[in-house]
Amino acid sequence: MQAFRLIELDRGAGCREILVEGELDLAVADQLQAALDRAGEEYARVLISLENCEFIDSTGIAVIVAAYNQLAGEGRWIAVYGASSQVLRVLSITGLTANGLVFESADQALLASTDAD
């Protein structure tokens, strides 16, 4: 099991990327919330990489959905990409793969964000 870690990167052009590593659950969801809050204050677009996220629970999903609703309400954009099959299954069951929030790759997500402008 990989230790939980967040990496925050400036991708330029008003885009912040947050890389999630390990398990995103109740014990660490507040760290993702803080990173999203920081990103939301400064960036118009936010990418969340789940490529190295091994597990996500309802608390992690709730943080992502709340950020999506808040940023979309402010005319900004957020997306998740690179989910493993296990994490993608959870996102699919909750209906999040059908609303333009979840993408296979960062490139697909960024392309969608420019289409949204």
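Here is a short chat about a predicted model and the reasons behind some of its labels.

User: What makes the chain as compact as a globular protein of that length?

Analyst: Start with the elements: four helices and five strands, running β-β-α-β-α-β-α-β-α from the N terminus. The radius of gyration is 13 Å, close to the 13 Å that the globule rule gives for 117 residues, so the chain is as compact as a globular protein of that length. Its C-alpha atoms fill a box of roughly 35 × 25 × 25 Å along the principal axes.

User: Why is strand 2 called largely enclosed?

Analyst: Buried means under 20% relative accessible area. Nine of the ten residues in strand 2 (residues 15-24) count as buried, so the rest of the structure largely encloses that strand. Over the chain, 44% of the 117 residues are buried.

User: How do you know that strand 1 and strand 2 pair?

Analyst: Pairing takes at least two bridges, and strand 1 (residues 5-12) has seven to strand 2, so they count as a pair. They run antiparallel, with Gly12 opposite Cys15. Two residues sit between the strands in this hairpin, and Ala13 has a positive phi near 55°.

User: And what makes strand 2 and strand 3 a pair?

Analyst: The cut-off is again at least two bridges. Nine bridges join strand 2 to strand 3 (residues 45-56), so these strands pair as well, this time in parallel. Glu23, for instance, has Phe55 in strand 3 as its bridge partner.

Technical notes: Residues are numbered from 1 along each chain as its sequence is written. This is a predicted model: local features need pLDDT of at least 70, side-chain atom pairs count only at pLDDT 80 or more; totals for chains, interfaces and linings use all residues. Side-chain values use heavy atoms; hydrogens and water are left out. The radius of gyration is taken over C-alpha atoms; the globule rule is 2.2 Å times the number of residues to the power 0.38. Buried means under 20% relative accessible area, exposed over 50%, partly exposed in between (1.4 Å probe, protein chains only).
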